[in-house]
Amino acid sequence: MNPILAGFRRLGRFSGRDSRAVFWPYAGLVLAVGFVTICIVMMFQMQALVVEMQAFAAQHPGRVTTEVGLNSYSMSVSSGDPAFVPDMSGMALGMGAVSGVLVVLLAAAVARRLHDTGRSGLWALPTPIFLMIALIMMPRLMMSFSGPEPDMRLFGLLFANNAAYIFSLGMLIILLILPSRVGANRFGPPTA
C-alpha cells in the first residue's frame, strides 16, 4: 500500500505500528505542504504589514524614514512610536492554524511510529505543547515591544519555552528515526 495514502487513511488511528518506510514518506509530504503553506501565509501577512506601514507613512511623513534604492526598499518607524503599532495578530493566527493542522495530520502517525520502536505515543506530547505555548505567547511579547518598556520577563519565559521546544523536537526526531523493534510488542505486530 502507498505509505502516503496509508497515512491519510489512518489519520485518526492511534493504535498499531508504522515502520520508518511507512511513516517518513507521509510525514515528509505533510511537512513539505505545511512549510509551503506557512510561507504563503507569511507572505500575505507581511504584504499586509507593508501596506499598513505605507499608509502610516503617508499620514505621518515626519515619523517614518523611507529609503529607496536600485534593488531595495526600506521603511522604518521611530522606535516606540505609539501612533504605529503593527497588527501581528493575523500572522500569529495563520501560524497557529497551520501548526494546528500539522499536529492533527501527524499526531496518529507519530504515535504509531513511536509504538513501532516500543514506546508510548505520549513521548510526542511535549513538543506540540511547547509549540502552542510559543504561538500564544509570541503576540503578547510583540505587543510589549510596541510600548515604552518591553516585558523582559515574558521574553525570558518565551526563550526558555522555545529552548524546551527545540530540545523536545530534537528528541522526538531521534525517537522517530530509531529502527523498528523486531517482532510483536505491546502495540501489536510490525507493519510490512
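Which hand does the crossing of α4 and α5 have, left or right? In this predicted model, the crossing of α4 and α5 is left-handed. Let's walk through how these helices meet.

Helix α4 covers residues 126-144, and helix α5 covers residues 152-177. Their axes come within 9 Å and cross at roughly 155 degrees. Since angles over 145 degrees count as roughly antiparallel, α4 is therefore roughly antiparallel to α5. On the α4 side, the contact is made by P126, T127, F130, L131, I133, A134, M137, M138, R140 and L141. Facing them from α5 are L154, F155, L157, L158, N161, N162, A164, Y165, S168, L169 and L172.

Helix α5 also meets helix α3, which spans residues 89-116. Here the axes cross at roughly 60 degrees, so α3 is oblique to α5. This crossing of α3 and α5 is left-handed. V110, R113 and L114 of α3 make the contact with L172, L175, L176 and I177 of α5.

| Helix pair | Axes come within | Crossing angle |
|---|---|---|
| α4 and α5 | 9 Å | roughly 155 degrees |
| α3 and α5 | 8 Å | roughly 60 degrees |

Now for the surface. F35, V36, I40, M43 and F44 make a nonpolar patch of about 530 Å². One of these residues, M43, is found in helix α2, which runs over residues 20-59.

Note on methods
Residues numbered from 1 in each chain as written. Predicted model: local features only at pLDDT ≥ 70, side-chain atom pairs only at ≥ 80, totals over all residues. Heavy atoms only, no water. Patch = residues over 30% accessible without salt bridge, like charges linked within 9 Å, V, L, I, M, F, W, Y side chains within 5 Å. Areas by Shrake-Rupley, 256 points an atom, 1.4 Å probe, with all protein chains shown as cover. Salt bridge = Lys/Arg side-chain N within 4 Å of Asp/Glu carboxyl O. Helix = DSSP H or I, 4+ residues; strand = E, 2+ residues; numbered from the N terminus. Axes fitted to C-alpha atoms, helices over the stretch in contact; angles between N-to-C directions. Parallel < 35°, antiparallel > 145°, perpendicular 65-115°, else oblique. Left-handed = near helix turned anticlockwise from the far one by under 90°. Contact = heavy atoms within 4.5 Å.
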